[in-house]
Amino acid sequence: MKLSPYIKITLMVSGLFMAILFYSTSCHHQLTSTVASEGMIDYNFHIRPILSDRCFKCHGPDAQNREAGLRLDNAESAYAELPETPDAFAIIPRDLKGSEVYQRIVSTDTSLMMPPPESRLSLTQREKDLISRWIAQGAEYKRHWAFIKPQKTTLPLPDDPWPYNPIDHYTLARMEEYGLHPNPEATKEALLKRWYLDIIGLPPSIEAQEAFIEDTSPDAYEKVVDRLLDDRHYGEKMAIGWLDLARYADSHGYQDDGLRTMWPWRDWVIHAFNENYPYDKFLTWQLAGDLLPDANKETLLATGFNRNHKITQEGGVIDEEYRIEYVTDRTNTFGKGILALTFECAKCHDHKYDPISQKDYYRTFTFFNQVPERGIYGTIDASFADPPNMEITQEDITSILNFVNKKDSTKLEVMVMQDSSSFRPTYVLKRGVYDAKSIPVSFGLPESIMPYDTSRYAPNRLGLVQWLLDPNHPLTARVYVNRVWQQIFGRGIVKTTGDFGMQGELPTHPHLLDWLAVDFIEHGWDIKRLIKQIVLSSTYRQSAQIRKDQLATDPDNIYLSRSTRVRLSAEVVRDLILYSSGLLNEEVGGQSVKPYQPNGIWAAATSGRGLLMSYIQDHRENLYRRGLYTFIKRTVPPPSMLIFDGSNRDQCEVERIRTNTPLQALVMMNDPTVLEAARVLSERLTEQHLDNTIEIAFRKILARLPHPKELLTLQSYYQSELQSYNDNEVDACDLLSIGEYPDNIGVNTIEKAALMKCILLMYNMEETIVKI
């Protein structure tokens, strides 16, 4: 039975550090060895990563900082005569002696060698060999892999019955390249828990466990997955990642950090996922719902996506400076969240690695620069929804917006998008400074991705969406299926979920990524179908056991020969605890709530003004809502969720960091929510006077039957706690008084306290909060 005491978690941190160290030195070799071992060197998978990391800073797209006029990121420049050295060439295909690049990388003369010693960059012998072989083979350049339209390749056909669907054909072929074979299928109990946590973010009930174990029909797996995809809690689980991307919060941010009312937009996101809005519709409504010919209040509400950014309410600020900040945030969110490119790196100068010029950045900026907004609308509490906004009326709640969970009659406004009646000119801003205008620009996007054809696409955000959803677009589908893959497996096919550019990681399964992207489009951008396809695959259904050969060949499980153990997100940790205890308020949607948190945190960080000056805790059923609905104040995020790597929603975030720290163990052992959940479950089970209360609690929390040794350990612990509290009933009463949920301390006090300690121990088992 695995617990999570402080010492173990500290060791886990050390282990994580060593894993990072190993990964940084071995990952590139693992990902690129296949083609190289066959003799052919591929520019995208072998050469570009080296040049991007060591050369493009001085010899890449950024014209202002380019050295010696040499550009190595495109063939035309690399093959041309060197501007400062007539009759010399950086690269001459199939001519190592005449290629200055080769001569410089092998030189031992510090005045000639590249990268120069003062850059503190160097090439390994293997990297030098790759470059020399590439030049000798013809130095063929290719477009960056992510900017090439995805296409389905011929499905690998391994001589093995293991594949269940096309996903497995690709993963098995990759395993076999490295001498790996897949794990056996996980137990039915483990699979059921995995599906529940991945699809609705809640553990299965004992009734659901028993029904699935007893179901031996051929379609038993598919029936469970279909039922979960139709569950109203599916939308809540899916919304968590999208709220991170959209930087949703309940406060404006900056110093005053006043209240805002954007929660109806969150209700719409949950509704959209539950109704299975296709991804093209989901994107269109959020980016341009106000510009649709048949726009209505629902499509307008969806555009709140682009008003989730921070807004200042501090007197004395320069209005235009902050207005530019808001447009910048929308542009950066579009780049990172939808295109998985680091657009923000081109705000002040041309991108140093990707073919995104500063002019490209401000052409994209133009789409989001047409909103009739101000940098500051009013001081704190002047508005909870700065214009442009829309009011949600009671009539809306009973008709087109019936998914908005509004319970009172107070006026409710939400920030939305709207374009001005007249065109606002946009300029390239020197160094990104708001008042340093240079050349004017109009609507457009980087041609390196796909040209913005003004004869086909409208000059507004609706045209932007048309460009995104063009069948030839190389990124839109790839980026989304990769994010869903990451959500399920804990790591994307492209590990750098927010960076498909030159500095991002290469896809581990490039043909699988392209197959999924094309298949996603061919089937109407159907999100539920995509998820079903992934979670029913044999790849997903493997056990998480680690064999010695896997640990030696693929310690990070890059090639998916087993299931990856991933700790649950901050929200789902809370949800699992509340649900298993029977405390969870399963209401969907509505205003954010303020559960237990340590006193004084908000007061210590407040400006001294506004409704959010101090934390006013909620009570009764609002204490037990899902983590998704916890109130997020940007300057002081919920501490327990932050400890479990929850987002502070300061800006677009497409992947949360994952840490293992002693603070997480302290939360699981001492947080009032955990203690109260353990108390309530103990009281309910004790009052039923059953003989197998420990087994029932174990199944509620871990979603499986305990092994005999585990059960014996827990029973022994229960008896020792009984003896302890027999000698000190006062301590038992103190323990059972934790939390606001009504208690019945006077009956079976000692038994309840002893069982509560056993349940608390179960909550602190590693398996409880780790998806296995």
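This is a predicted model: local features need pLDDT of at least 70, side-chain atom pairs count only at pLDDT 80 or more; totals for chains, interfaces and linings use all residues.
A pair of aromatic rings is described by the distance of the centres and the angle of the planes. Trp145 and Phe500 sit 5.5 Å apart, centre to centre, with 40° between their planes, a tilted arrangement. This pair links distant parts of the chain, 355 residues apart: Trp145 lies in the loop between α6 and α7, while Phe500 lies in the loop between α19 and α20. Trp145 counts as buried at 8% relative accessibility, and Phe500 counts as buried at 0%.

Next, find Phe334 and Phe368, whose ring centres are 5.8 Å apart and whose planes meet at 50°, so this pair is tilted. Here, too, distant parts of the chain are linked: Phe334 belongs to helix α15, and Phe368 to the loop between α16 and β3, 34 residues apart. Phe334 is buried, with a relative accessible area of 2%, and Phe368 is buried as well, at 0%.

The charged end of Lys310 sits over the ring of Tyr254, 4.7 Å from its centre. Likewise, Arg247 places its charged end over the ring of Phe305, 5.8 Å from the ring centre.

Now for the empty spaces. Rolling a probe the size of a water molecule over the atoms shows where empty space is left. The structure holds five cavities of 30 Å³ or more. In the largest cavity there is about 670 Å³ of space. Its lining has 33 residues, and those nearest the centre are Lys237, Gln486, Gln487, Ser569 and Arg656. Among the elements that each supply at least two lining residues are α8, α11 and α19. By class, this lining has 17 nonpolar, five polar and eleven charged residues.

The second largest cavity has a volume of about 250 Å³. Of its 18 lining residues, Arg574, Ser640, Met641, Asp671 and Thr673 lie nearest the centre. Helix α23 gives the largest share of this lining, four residues. Twelve of the lining residues are nonpolar, four polar and two charged.

Finally, look at the cysteines: the structure holds zero disulfides. The sulfur of Cys58 is too far from any partner for a bond, because the closest cysteine sulfur, in Cys55, is 8.8 Å away. Cys58 is partly exposed, with a relative accessible area of 33%. Cys652 is in no disulfide either, and the nearest cysteine sulfur, that of Cys345, is 13 Å away. Cys652 is buried, at 7% relative accessible area.

Note on methods. Residues are numbered from 1 along each chain as its sequence is written. Side-chain values use heavy atoms; hydrogens and water are left out. A disulfide is a pair of cysteine sulfur atoms within 2.5 Å. Buried means under 20% relative accessible area, exposed over 50%, partly exposed in between (1.4 Å probe, protein chains only). On a 1 Å grid over the protein atoms alone, a cavity is a set of points where a 1.4 Å probe fits but cannot get out, and a pocket is an open set with protein on both sides within 12 Å along at least five of seven lines; lining residues have an atom within 4 Å of a point. Grid points are joined across faces, edges and corners, and a volume is the space filled by probe spheres set on the points. Ala, Val, Leu, Ile, Met, Phe, Trp, Tyr, Cys and Pro count as nonpolar, Asp, Glu, Lys and Arg as charged, and the others, Gly among them, as polar. Rings of Phe, Tyr and Trp (its six-membered ring) pair if their centres lie within 6.5 Å; planes under 30 degrees apart count as stacked, over 60 as edge-to-face and the rest as tilted. A charge sits over a ring if NZ of Lys or CZ of Arg is within 6 Å of the ring centre and within 35 degrees of the ring normal.
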